[in-house]
Amino acid sequence: CVRAGRLRIRRFDSSGKEQILGWFDADVLVAAAPVIAGKPLWFDIVADAPSQVLHVPRPDFMALLYRDASVAAAVALLLSERLTFVMESHVAQAHKSLAERVWFRLCRMAEQAGSDGAIPVTQQGLADVVGASRYRVGLELQSLAERGLIAMARGRLRILEPNRHRDG
């Protein structure tokens with residue numbers, strides 16, 4: 001469990017390039033699935049800043065899950081959310097460039113936002129989802145805005161032409 005700071009889970013591809021799989025802020029359970037399954041975690045967990053983590057031995061964690069249904073349900077919900085994120089990430093990775101990943105994610109978020117199309121998102125939140133820095137995502141958003149594809153406001157944005165391809 002991340003007590004303070006921020007962690008990232010990463011791996012390296014065959015060319016040695018780092019691939020960020022997720023970010024974890026304080027009060028988040030990290031690597032719960034392999035602990036429950038009793039399997040190794042094949043990725044690195046790296047602190048991005050001074051951090052504090054709480055390690056609970058697997059037997060103690062499993063005993064808590066068996067003993068407390070509300071904790072078990074909370075962990076099940078957490079794992080369901082992460083599984084959904086992983087599935088969406090696989091779809092997003094089909095888009096190779098950062099520009100494509102940002103546009104794909106924004107279109108998906110707009111679909112989920114409903115009729116008004118306003119997307120509550122920060123540059124950091126979007127950066128975490130697409131596996132890039134806030135700075136680079138900010139540049140992509142600025143490019144989209146300059147092309148008239150999105151309108152940005154602090155903490156929210158709106159896709160102006162949802163049916164238009166990003167490079168169109």
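## The salt bridge of Arg 10 and Glu 18

Arg 10 and Glu 18 form a salt bridge in which the closest N and O atoms are 3.3 Å apart; a salt bridge is a side-chain nitrogen of Lys or Arg within 4 Å of a carboxyl oxygen of Asp or Glu. Glu 18 counts as partly exposed, at 29% relative accessibility. On this scale, buried means under 20% relative accessible area, exposed means over 50%, and partly exposed lies in between (1.4 Å probe, protein chains only).

The structure is a predicted model, in which local features need pLDDT of at least 70, side-chain atom pairs count only at pLDDT 80 or more, and totals for chains, interfaces and linings use all residues. Residues are numbered from 1 along each chain as its sequence is written, and side-chain values use heavy atoms, with hydrogens and water left out.

## The salt-bridge network

Five salt bridges are found in a search of the whole structure. Arg 8, Arg 10, Glu 18, Asp 44 and Asp 48 are linked in a network of such bridges. Helices (H or I, at least four residues) and strands (E, at least two) are DSSP runs, numbered from the N terminus.

Is Arg 8 buried or exposed? Arg 8 is buried, with a relative accessible area of 13%, whereas Asp 48 is partly exposed at 33%. The side chains of Arg 8 and Glu 18 are also joined by a polar contact of 3.1 Å. A polar contact is a pair of N or O atoms within 3.5 Å; within protein, one must be able to donate a hydrogen and the other to accept it, and residues adjacent in sequence count only if both atoms are side-chain atoms.

The side chains of Asp 25 and Arg 6 meet in a salt bridge of 3.1 Å, N to O. Asp 25 lies in strand β3 (residues 18-25) and Arg 6 in strand β2 (residues 6-12), 19 residues apart. Asp 25 is partly exposed, with a relative accessible area of 39%, while Arg 6 is buried, at 17%.

## The nonpolar cores

A nonpolar core is a set of buried Ala, Val, Leu, Ile, Met, Phe, Trp, Tyr and Cys residues joined through side-chain atoms within 4.5 Å. The largest one has 20 residues, of which Val 102, Leu 106, Leu 126, Val 137 and Leu 141 touch the most other members. Two or more residues come from each of α4 (98-113), α5 (123-130), α6 (134-146) and β8 (156-159). Helix α4 gives the most, with seven residues. A second, separate core of six residues includes Leu 7, Ile 9, Val 30 and Ala 31.

## Helix α6

The buried residues of α6 are Val 137, Gly 138, Glu 140, Leu 141, Ser 143 and Leu 144. These residues pack against α4, α5, β7 (150-153) and β8. Just after the helix, Gly 148 takes a positive phi of about 80 degrees.

## Confidence

The mean pLDDT of the protein chain is 84, and 89% of its residues reach 70 or more; pLDDT is the predictor's confidence in each residue, from 0 to 100. Confidence is lowest in β3, at a mean of 81, and highest in helix α2 (residues 58-67), at 95.

Methods. Contact means heavy atoms within 4.5 Å.
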